[in-house]
Amino acid sequence: RTLTFDESIDLPHPCATVWNLIEPPEKAPLLDPTCFAGYRVPGTPAGVGAQHAHQHVNGMTTVLEVMEYE
């Protein structure tokens, strides 16, 4: 199943601090308690076009694709 959504949030932290938490995807478990592992899908680039896979404790895997950076 494919879902498309846009999400944004303003955080009171420097951009470098925020990006350091979002990228690399291995830090996904810090942001989502249902996620036990995160990784960049092999063969996808860093940045735009990257696909981040998140493995969840319920057995599901979510893949997010980076469409743009702003």
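Analyst: The count comes to one salt bridge, a term for a side-chain nitrogen of Lys or Arg within 4 Å of a carboxyl oxygen of Asp or Glu. The model is predicted, so local features need pLDDT of at least 70 and side-chain atom pairs pLDDT 80 or more, while totals for chains, interfaces and linings use all residues. Residues are numbered from 1 along each chain as its sequence is written, and side-chain values use heavy atoms, without hydrogens or water.

The partners in the salt bridge are the side chains of Glu23 and Arg40, with a distance of 2.3 Å from N to O. Glu23 belongs to the loop between H1 and H2, whereas Arg40 belongs to strand S1 (residues 35–40), so the pair ties together parts that are 17 residues apart in sequence. Such elements are DSSP runs numbered from the N terminus: helices (H or I, at least four residues) and strands (E, at least two).

How exposed are the two partners? Glu23 has a relative accessible area of 22% and is therefore partly exposed; Arg40, at 26%, is partly exposed as well. On this scale, buried means under 20% relative accessible area, exposed means over 50%, and partly exposed lies in between (1.4 Å probe, protein chains only).

Glu23 also has a part in the backbone. A cis peptide bond, with omega of about 20°, joins Glu23 to Pro24. Pro24 is likewise placed in the loop between H1 and H2.

The surroundings of this loop can now be described. The protein has two helices and three strands, and along the sequence they follow the pattern α-α-β-β-β. Taken along the principal axes, the C-alpha atoms fill a box of roughly 35 × 25 × 20 Å. Of the 70 residues of the protein, 20% count as buried.

Trp19, Leu21, Ile22, Leu30, Leu31, Val48 and Tyr69 make a nonpolar patch of about 660 Å². Two or more of the patch residues come from helix H1 (15–22), and two or more from helix H2 (28–31). The largest share is that of H1, with three residues. Patch members have over 30% relative accessible area and no salt bridge; nonpolar side chains (Val, Leu, Ile, Met, Phe, Trp, Tyr) are joined within 5 Å, like charges within 9 Å. Areas come from the Shrake-Rupley method with a 1.4 Å probe, and for residues only the protein chains shown count as cover. One of the patch residues, Leu31, is located in helix H2. Leu31 counts as exposed because its relative accessibility is 51%.

Phe5 lies in the segment before H1 and, with a relative accessible area of 52%, is exposed. Phe5 is 52 residues from Val57 in sequence, and their C-alpha atoms are 23 Å apart in space. Thr61, in strand S3, is partly exposed, with a relative accessible area of 41%. Between the C-alpha atoms of Thr61 and Ala37 there are 9.5 Å, although 24 residues separate the two along the chain.

To return to the part in question, Glu23 takes part in a salt bridge with Arg40 and in a cis peptide bond with Pro24.
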